Amino acid sequence: MDANPSETTKPQIEKRKSIRVLAFMEAKEGKGQELVNHVLSVITPTRKEEGNIAYDLCISLDNHNQILVDKIWTSKDALDNHFNTIHMKSVLSKIEPILAKPLEIKIYKEIEKTFQTLLRI
């Protein structure tokens with residue numbers, strides 16, 4: 001068996017090395033829609049950024065002041081570049097005053113599988 005991945009398996013391998021970012025936010029009472037609007041304003045430019053795979057905004061079923069932003073990036077470098085964009089710097093400065101508690105960001109990397117496991121997909 002060839003030890004080098006074929007052109008068809010490379011996208012699967014790269015996808016497995018992606019970075020997932022979960023951002024948890026809770027707006028002050030009465031500021032939930034304002035928070036959602038600010039986050040909605042960066043979805044289109046973020047999805048156009050090099051290295052962005054996905055960007056989804058979710059709202060809590062239990063508390064409409066709580067939202068989750070779920071982002072997937074091709075690499076840590078792409079994520080770092082994202083946090084340095086003008087639109088992200090701008091939105092962060094707008095949302096900080098309306099948050100009930102500090103923004104919580106968690107960054108995960110998928111557990112890498114062996115090459116043979118990837119070929120069985």
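**Labels and their grounds**

Guide: The lining of the largest cavity holds 14 nonpolar residues, no polar ones and one charged. Note that the model is predicted.

Visitor: What makes a lining residue such as Lys71 count as charged?
Guide: Lys is on the charged list, with Asp, Glu and Arg. Lys71 is among the residues nearest the centre of the largest cavity, together with Ala23, Met25, Met88 and Leu92. Ala, Met and Leu count as nonpolar.

Visitor: Why is this space called a cavity?
Guide: A cavity is a set of points where a 1.4 Å probe fits but cannot get out. The search of the whole structure finds one of 30 Å³ or more. The volume of the largest cavity is about 120 Å³.

Visitor: Which elements give two or more residues to the lining of the largest cavity?
Guide: They are S1, S3 and helix H5 (86-95). H5 provides the largest share, four residues.

Visitor: How do you know that S1 and S3 pair?
Guide: Pairing takes at least two bridges. Strand S1 (residues 19-26) and S3 have eight, in the antiparallel sense, so they pair. Met25 has Ile67 of S3 as its bridge partner.

Visitor: What joins strand S2 to S3?
Guide: Seven bridges do, with S2 (residues 52-59) and S3 running antiparallel. Ala54 is bridged to Ile72 in S3. A hairpin of six residues also links S2 to S3.

Visitor: Why is S3 called mostly covered?
Guide: Buried means under 20% relative accessible area. In S3 (residues 66-73), six of the eight residues are buried, so the strand is mostly covered.

Conventions:
Residues are numbered from 1 along each chain as its sequence is written. This is a predicted model: local features need pLDDT of at least 70, side-chain atom pairs count only at pLDDT 80 or more; totals for chains, interfaces and linings use all residues. Side-chain values use heavy atoms; hydrogens and water are left out. Buried means under 20% relative accessible area, exposed over 50%, partly exposed in between (1.4 Å probe, protein chains only). On a 1 Å grid over the protein atoms alone, a cavity is a set of points where a 1.4 Å probe fits but cannot get out, and a pocket is an open set with protein on both sides within 12 Å along at least five of seven lines; lining residues have an atom within 4 Å of a point. Grid points are joined across faces, edges and corners, and a volume is the space filled by probe spheres set on the points.
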